[in-house]
Amino acid sequence: MRTRLTAALATFIALLASVVVLAPPASAAVGIRVTGGRIVEANGNAFVMRGVSHPHTWYANQTGSFANIKSLGANTVRVVLSSGARWTQNSASDVANVVSLCRANRLICVLEVHDTTGYGEEGAAISLDRAVDYWLSLQGVLTGQERYVIVNIGNEPYGNQNYSSWATDTGNAIKRLRGAGFEHAIMVDAPNWGQDWSFTMRDNAASVFNADPQKNTIFSIHMYGVFDTAAEITDYLGRFRAAGLPIVVGEFGHNHSDGNPDEDTIMSYAQANGIGYIGWSWSGNGGGVEYLDMVTNFNVNSLTSWGQRIFNGANGIKATSREATVYSGATSPPTQPPTTTPPTTPPTTPPTAPPGGARSCAASYAVTGQWPGGFQADVKVTVGSAAISGWTVTWTFGNGQTVSQAWGATVTSSGSTVTARNVAYNGALSAGATTTFGFIGTTPTPTPTPTPTPHCTAT
C-alpha cells in the first residue's frame, strides 16, 4: 500500500511539474511602462524624461534637429505631428523615419498629434476620437517600437470651453488604442489648453488610469502662466505623487503671454522628485511667442537665453538627463528620493492665474443686414479676466457663404473655414474689454444665412 501511494505520489508530482513547465509564462511589458506611479523601461530601470518639443510637422526638413537636441544632453524628444486635419499630414513613412531618427540619436520619442489643440473652443481642432483614427493608420510602423516610443494621443485636447467630457473622451480613446493592439505607454494631455486650471485632469486622473486595461497611461500637464508660483507647481505635481499616478511636465517655458511661469521651481521640483519634463520648444515659434525658441533658426550653436536656461542651468537637461538604458545597456542610477511631502488635502480654489495660456476671450456673431446673394455681419470680441495682446476668431460657414470685404480685422478663408485676426489698433485689450469687426459676405442662396458659432483664441 505504501509502495503504491509512493508511486502514485511520484506520478502526481511529475504530472504537476509537466503542467508547470508547459504553462505559458505571465506576459511581460514589451516597452516603457508605468509601475508604482513611476515610469520605467521594460527592464525595470527608472526613466525620467529630460527633453524638448520639436515642431517637426511645420519644419519637416529640419531632421538634423534630432542629433542637435541629443548633443545638448536630452534623453527625450517630443515630436509634433499632424493628422492632416489642420496641417499637412505626416505620413506613415515620415513617422517611421522620425522614429528611426530618434533611435539613431538614442532618444526616447514622444509622438503627439497637434490637431486636437483647443478642441471645444478652437473651431478647427479635432476630437481625440479622430486623433485615434490617425494613430490606427500608423499602427504598422509603430508596432515593435514600444521600447522607444510613447504615444501622446493629442496635444492640449480641450480649450477653456466644453471640456467636461475630457475624462470620458480620454478614457475611450485609450480603450480604442488598446483594443486595436497598441501596447505602448500612452501619454494624455490636460484640458484648458493643457494647463488644467479647472482641475479636471487632476480630479479624474485615477478613473482615466483605471480605464486603461494595461494601466500604462502617463499624465501630462503643461505649465505656463497658470503655474507662476512655487505653491501652485508643487501642489499640483504633489497630488499625483500622493495618488501614485505618473505625471510629467509635458510642456513649459520661461515666459508666456498669460504670465511668467516659475521655471526654476518646475525644474527643481521635478529633479527632486523624479518627475520628467519636456520644454517648449526647440525652434521655429511664431505668433508672438518667438521667445520660446531654445535656439535661433534651428542653429544648435545659437542658444537663446531660454535655451541656455533649460540645457545648461540649474536642474537643467545637461546636469540631470540620463540616457535610456535601452540604448546603453547600463543600469540607471537610482532615482533621487523625494525631498518634499506631497499634500494630503485639495485646495479649495483653482489657481488664480489666468487660465489657458491667455486664450481667454469669447466671440459672438450677428447678421446685421441681408439681401439676395449677400449679407453683412458683425462679430464682437470680449476679453476674459486678464488683458490680452491679440486675438483670433474662427468659424465655419455651413451653406457656401464667403467673405468679400472686411473691416476691423484681417480675414482669410480656407474652404468654409474663416479666420479673422486683430489689426494693429484693436489687438491689445484690457480685461473685460470688447471690440468689434464686420464684413460683407456672399451667399449662393436667397434663404436666410445660417449663423455659425465663432471661437476666439487670445494671446
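Visitor: Which residues does Ile153 touch, not counting residues up to four places away in sequence?

Guide: Contact means heavy atoms within 4.5 Å. By that rule, Ile153 touches Val113, Leu128, Ala131, Val132, Trp135, Ala173, Ile174, Leu177, Ile186, Met187 and Val188. A caution on the source: this is a predicted model, where local features need pLDDT of at least 70, side-chain atom pairs count only at pLDDT 80 or more, and totals for chains, interfaces and linings use all residues. Residues are numbered from 1 along each chain as its sequence is written, and side-chain values use heavy atoms, with hydrogens and water left out.

Visitor: How many residues has the largest nonpolar core?

Guide: In soluble globular proteins, nonpolar side chains tend to be buried together. A nonpolar core is a set of buried Ala, Val, Leu, Ile, Met, Phe, Trp, Tyr and Cys residues joined through side-chain atoms within 4.5 Å. Buried means under 20% relative accessible area, exposed over 50%, partly exposed in between (1.4 Å probe, protein chains only). Here the largest core has 93 residues. Ile153 and Leu237 are among those with the most contacts inside it. A second, separate core has 22 residues, including Phe375 and Phe439.

Visitor: How do I check the span of helix α8?

Guide: Helices (H or I, at least four residues) and strands (E, at least two) are DSSP runs, numbered from the N terminus. The expected span is 1.5 Å times one less than the number of residues. Helix α8 has 14 residues, 230–243, so it should span 20 Å; its end C-alpha atoms are 20 Å apart, which agrees. Just after α8, Gly244 takes a positive phi of about 70 degrees.

Visitor: What covers the buried residues of α8?

Guide: The cover includes α7, β8, β9 and α9. Among the residues buried are Ile233, Leu237 and Phe240, but also Glu232 and Arg239.

Visitor: Which strands pair with β10?

Guide: Two strands pair if DSSP finds at least two bridges between them. Strand β3 runs parallel to β10, with 3 bridges; Val52 stands opposite Gly279. β9 also pairs with β10 in the parallel sense, over 2 bridges. There, Val248 stands opposite Gly276. Both faces of β10 are covered.

Visitor: What is the hand of the unit made by β9, α9 and β10?

Guide: A crossover is right-handed if, with the strands pointing away from the viewer, the path from the first strand over the helix to the second runs clockwise. This β-α-β unit is right-handed.
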